Amino acid sequence: GSSSAWTTAWRRDHWLWWRELSDAERNARLLGARLKTRRVPPYPVRVAQRAAMKAGAVTYERNVLRPMLRALGDRATGAPRFLIRVDEFPHYLAADEPDRYGLESSRRFHDTLASAGTPYLIAVLPRVATHPLDPTASGDRPLTEQERSFLGEMERDGVTLGLHGFNHRTRHANPRRHSELRGLSEAELTDLLDRALAELSAAHVRPRVFVPPFNRFGAEQYPLLAARFDVVCGGPESVPLMGLHYGPQWRGEAVYLPCYPPLYGTAADCLPVIADLVKREVGIWIPIVLHPGWEAREPAALSRFAREVAPYAANWADFLSAIDESRDGVSA
């Protein structure tokens, strides 16, 4: 019995070592340095990391960016490559408040970025739920013809389309636990993704990037997501579930791309950080996350953001090509 247990443990640890080795090799191709992928820490550590982030003791600059730059050295010098992610279209409240969060508000946001020539990724909802923050509610609608047409228009303007769950309905009432995915079995998650992809396929959309609603999914769900998508995104709410990690990083069969404040915030929050990173010539892939609903309050800040970030905004198609090359063993 003890021998069998030892053998099982050895195989598990050997697999983890090999996985980390493979991830490090792919990171070397994608990033320029053989960075290891940290394991998901224990739950108390993850909770402490999130609490420290909220208190300002853990920051993007100190705990994510600086360690990456130390590891990369001179290979991190140059123009930044900002990966702008936008959550989401349609807005998850579009069914309940169409006058405020309908197509026209999304169009205004897009026109601001497109007019400056700023590429980005939009997280697309296949269906729009009614009362999405109420787990006991039911009902959703498919994308309208006008919304499908707008998806095509955005693509022609250089926007990359990602998947944002199925209908953004939370399974948990507590705001600190809002998630469409947490608690789903493997079969249930597979079914949700199948239905979501089928809806978008009917709109001629085949996403390679997954953006979890509310930034929440269980660490045990990551392998299934990684098997279906080339990039799995995260945010500050991912920290208690996955831990604090640098990004982008190869993690299993996909690249994990978390984004943290202040680059997960408003355009006004991002502007001084962008100027600093450009001045310092931090030449790496850097994620930024915006929300159209937040930007409606300060359209002037969004216009300035679009102008200033445009020369350094990377097209997600180029990022996906770099991922393909690093997966296949071609140096980026």
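# Packing around L151 and other local features

Leaving aside neighbours within four places in sequence, L151 is in contact with F89, V124, L143, L161 and V205, where contact means heavy atoms within 4.5 Å. The structure is a predicted model, in which local features need pLDDT of at least 70 and side-chain atom pairs count only at pLDDT 80 or more, whereas totals for chains, interfaces and linings use all residues. Residues are numbered from 1 along each chain as its sequence is written, and side-chain values use heavy atoms, with hydrogens and water left out.

L151 lies in helix α6, and with a relative accessible area of 1% it is buried (buried means under 20% relative accessible area, exposed over 50% and partly exposed in between, with a 1.4 Å probe and protein chains only). The C-alpha atoms of L151 and P90 are separated by 9.7 Å, although these residues are 61 apart along the chain. Helices (H or I, at least four residues) and strands (E, at least two) are DSSP runs, numbered from the N terminus.

## Two helices with a buried side

Helix α5, residues 103–115, has 13 residues and reaches 18 Å from its first C-alpha to its last, close to the 18 Å expected at 1.5 Å a residue; the expected span is 1.5 Å times one less than the number of residues. Within α5, L103, S106, F109, H110 and L113 are buried. Seen down the axis of α5, these buried residues fall within an arc of 130°, so they line one face of the helix; the arc is that of the directions from the helix axis to the C-beta atoms. An α-helix has 3.6 residues a turn, so residues three or four places apart point the same way. The face of α5 turned away from its buried side carries the exposed residues R108 and S115. The buried residues of α5 pack against several elements, among them β1 (81–89), α6 (145–156) and α12 (299–309). Just after α5, G117 takes a positive phi of about 75°.

In α12, the buried residues are A301, L302, F305, A306 and V309. They cover an arc of only 140° around the axis, which puts them on the same side of α12. On the other side of α12, P299, A300 and R307 are exposed. The buried residues of α12 pack against β1, α5, α10 (267–279), β10 and α11.

## Rings and charges

Rings of Phe, Tyr and Trp (its six-membered ring) pair if their centres lie within 6.5 Å; planes under 30 degrees apart count as stacked, over 60 as edge-to-face and the rest as tilted. By this rule the count comes to eight aromatic pairs. One of them, formed by Y222 and Y256, is edge-to-face, with 6.0 Å centre to centre and 80° between the planes. This pair links distant parts of the chain, with Y222 in helix α8 (residues 222–228) and Y256 in strand β9 (residues 254–258), 34 residues apart. Both Y222 and Y256 are buried, and ring pairs link F217, Y222 and Y256 into a cluster.

A charge sits over a ring if NZ of Lys or CZ of Arg is within 6 Å of the ring centre and within 35 degrees of the ring normal. The table gives two such placements.

| Charged residue | Ring | Distance from ring centre |
|---|---|---|
| R26 | W250 | 4.7 Å |
| R81 | W285 | 4.3 Å |

## Cysteines

The structure holds zero disulfides, a disulfide being a pair of cysteine sulfur atoms within 2.5 Å. C233 is in no disulfide, and the nearest cysteine sulfur, that of C259, is 9.1 Å away; C233 is buried, with a relative accessible area of 1%. C270 is likewise in no disulfide, and the nearest cysteine sulfur, again that of C259, is 7.3 Å away; C270 is buried, with a relative accessible area of 0%.

D140 has its place in strand β4 (residues 140–142), and at 29% relative accessibility it counts as partly exposed. Not counting residues up to four places away in sequence, D140 touches R127, V128, A129, T130, F166 and N167. The C-alpha atoms of D140 and N167, which are 27 residues apart along the chain, are separated by 7.2 Å.

H131, found in the loop between β3 (127–129) and β4, has phi near 50°, a positive value in a residue other than glycine. F214, in the loop between β6 (209–210) and α8, has phi near 65°, again a positive value in a residue other than glycine, and at 15% relative accessibility F214 counts as buried.

A cis peptide bond joins G247 and P248, with omega about 5°, and P248 lies in the loop between α9 (239–242) and β8 (249–251). The peptide bond from P261 to P262 is also cis, with omega near 5°, and P262 is in the loop between β9 and α10.
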